[in-house]
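Please read the following note with the structure open beside it, and look for each pair of side chains as it comes up.

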Amino acid sequence: QPRSAVKAIPLSDYKTPFTDYSRWRLKDDHGRQTWHYLSVEEAKKWKQSTADKYFLGLDTEQPDLPPPKTPLDVAKNGLEFFSKLQLPGGNWACDYSGPMFQLAGFVMCWYATETPFPEAWASEMIRYLCNRAHPEDGGWGLHTEGETSVFGTTINYTTLRLLGMEPDHPVATKARQTLHKLGGALGVPHWGKAWLAMIGCFEWEGMNPIPPELWLLPEWLPLHPYRWWIHTRAVYLPMSYIWSKRYSRPLNPLTRALRTELFTQPYSSIPFAAHRNTVAAADIYHPHTTILNIFNTVCTFWGKYLLPTRLKTWAEEYAYSLVVREDENTLYVNLGPVNNPLQMLCRYIAEGADSPAVKGHLDRLEDYLWVNEDGMLMNGTNGVQIWDTSFAIQAMVECGFSQDPKYRKMLTAAHEFLDDQQISEDISDAVQKCYRQKRKGAWAFSTRDQGYTVSDCTAEALKAVVQLQSLSKFPSLVSTQRMRDAVDVLLSLRNPSGGFASYENVRGTKLLEWFNAAEVFGRIMIEYEYPECTTAVITALVYFRKVDTSYRSEEVERTIKRAVDWIRTVQRADGSWEGSWGICFSYAMMFALESLSLVGENYSNSESVRRACAFLVGKQMTDGGWGESYMSCVKGTWIDHERSQVVNTAWCLIALMNAGYDGREVLQRGIDLLKSRQQANGEWLQEGIEGVFNRSCMITYPNYKFIFPIKAMGMFAKQFGNEKLWS
Ligand code: LAN
């Protein structure tokens, strides 16, 4: 344990790194992004790049640029800075933080496997958590902007202790006091209970069941896990195996101490079985339904008295086989940051610490770690590579820069990256056996290695490729056949409603939400159709149709039409669309209005577009910008941010320009605001958090503050001419 490092911390100053920040490097290997802490000698040979410095919060020493006079000058200055952040593989990277449970899940699973922790990581992770503790009460919430909760405080306190912080450290003392005021760790939600049980600090009997037997149910049953949203079932899978095994790391002095620190009553006196449903009131976003409570009681009884040992073993074996397949199919990257460490623990339980599987995991876990100015954290995915690169290309094309030799190198590298990252084949029989969506021709959100089809990631990447290759005369790296493969993927994702979901077709009924046991998230049990995903698919198909008129043309046509109809049905009476992955209405409206415009519906001919524009114009702030709080997503209604935000402003401007809104003055005031927030070196500074998932959890998209203002400038210049606006 790196306790020495922690003791040396000055109490109030967590801004000063515990490691030598001049020795961190981000390595990019075909989009695989990993951070390395070099020795002094190594650091002399491998120079720190501008991107490294930027991510680490060090001075990037970028020069001041000539003050912009036109919208395209602003875009150029922005790109001057943004181009320095492009990695050698042509992709972009970022700190993808926000959720405050990922690092904890990672550390607890890692600890459960009895693997020692690299010192540099441990000390920077400690610093990160200290920096994220709420200054008043010392606790943590579900995400960085959220209020202190039992979930956040229990798991992050435990994480700090596992990483080596002493219990009498002021940060630990304060957090513990807050936790005790909130009733202690007994009220931690389901995942927290499970993680604590894995390290021996909670009793498995105090958990609602996670029976692997569900995997053996016939697939036609509405409850079968294959019908669930992919992330929910991917977390459920390894958890069900660990739960069934009731695995806990053997106790040691540290975990014994934690047993006394986390609870307000003596551990041995707690009747854990009576606390399966004890969850702190403030933590609950989605309360248990009566049906779920009955189901849990029945399952507990079943597991205790009725479950035949052979059936239990069979279920465990089947679940484990799926765990192995998930590892193999993703080269240990796995679907996401929560299932990944759980998968590792399964492999450890079944095959031991020295197994190739555990080694493979230890290697690929690094893909999720990130270092920023506040320390080391775990990203929301293994990166944002494909997603951000696709948008960056589109923004440059919008500015008309694809023909400009100055941007050729940057665009070519980005283009080559997308070419390299398209998934070229389905994995043997994984589609049937692992319930996977078709993936040949798809793009994932992060990398090909992760390899999960996402509807809008495929769509946005395809759009970027079409824009470059066909409309901007870049070489045809992605062949016609491969574009058609991408279209096949998109068409495979059609739903009866006409709308598109995220990773898969909607496979289950909304009633499954009755069984949502996570307590802290809403709408996680099944796929839903989303305006963002649907519109991305519409626009990609519209672009594709321009360059390949013959391929499955009738189906493409019908898909577009039905998807547009679906978009119309989810427009709210006030003219808005609600987003699910960005904050919030401004995000979804940007997409929705683009798809309507591509099928010819705009401000001059459509009442619904006019309603949408009126909604947006009504939200403009006095400084000319727009600002939407993350609370919009939580409450489902537009809530102003205290201050206008660069990213929301860009989204609203793009939305209005897509709509063909004719009020130039409104637009220009927004453009002025974006310009006024740009720094002399072309950079925009980080403002409020931009993204969301599952309604309640926020996540950052730091590259958006470059991509979307640049795109907005390009669109404005296209629409009104690139006139001199500023002297
Ligand atoms: C993401 C990030 C990207 C996002 C978009 C492409 C923007 C969206 O349009 C479709 C859904 C998707 C791919 C998405 C789904 C959920 C993710 C993977 C995340 C929000 C990033 C982190 C989140 C994941 C579920 C976090 C782990 C938490 C659990 C509840 C398992």
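**Note on the salt bridges**

1. R32, D363, R364, D367 and D449 are joined in a network of salt bridges, a salt bridge being a side-chain nitrogen of Lys or Arg within 4 Å of a carboxyl oxygen of Asp or Glu. As background, side chains of opposite charge can pair when their charged atoms come close. Over the whole structure, a search finds 38 salt bridges.

2. Before going further, please keep in mind that this is a predicted model, in which local features need pLDDT of at least 70 and side-chain atom pairs count only at pLDDT 80 or more, while totals for chains, interfaces and linings use all residues. Residues are numbered from 1 along each chain as its sequence is written, and side-chain values use heavy atoms, with hydrogens and water left out.

3. How confident is the predictor? The mean pLDDT of the chain is 94, and 98% of its residues reach 70 or more, where pLDDT is the predictor's confidence in each residue, from 0 to 100. The model scores ipTM 0.94 and pTM 0.95.

4. R132 forms a salt bridge with D374, and their closest N and O atoms are 3.0 Å apart. This pair links distant parts of the chain, 242 residues apart, since R132 lies in helix α6 (residues 119-132) and D374 in the loop between β3 (369-372) and β4 (375-378); helices (H or I, at least four residues) and strands (E, at least two) are DSSP runs, numbered from the N terminus. R132 counts as partly exposed because its relative accessibility is 22%, whereas D374, at 5%, counts as buried. Here buried means under 20% relative accessible area, exposed over 50%, and partly exposed in between (1.4 Å probe, protein chains only).

5. Where do K312 and E316 lie? Both belong to helix α13 (residues 309-330), four residues apart, which is about one turn of the helix, and their side chains meet in a salt bridge at 3.4 Å, N to O. K312 is partly exposed, with a relative accessible area of 28%, while E316 counts as buried because its relative accessibility is 7%.

6. The side chains of R552 and D488 also meet in a salt bridge, at 2.8 Å from N to O. The two residues are 64 residues apart and link distant parts of the chain, with R552 in the loop between α21 (531-547) and α22 (553-569) and D488 in helix α20 (residues 480-492). R552 is partly exposed at 27% relative accessibility, and D488 counts as buried because its value is 16%.
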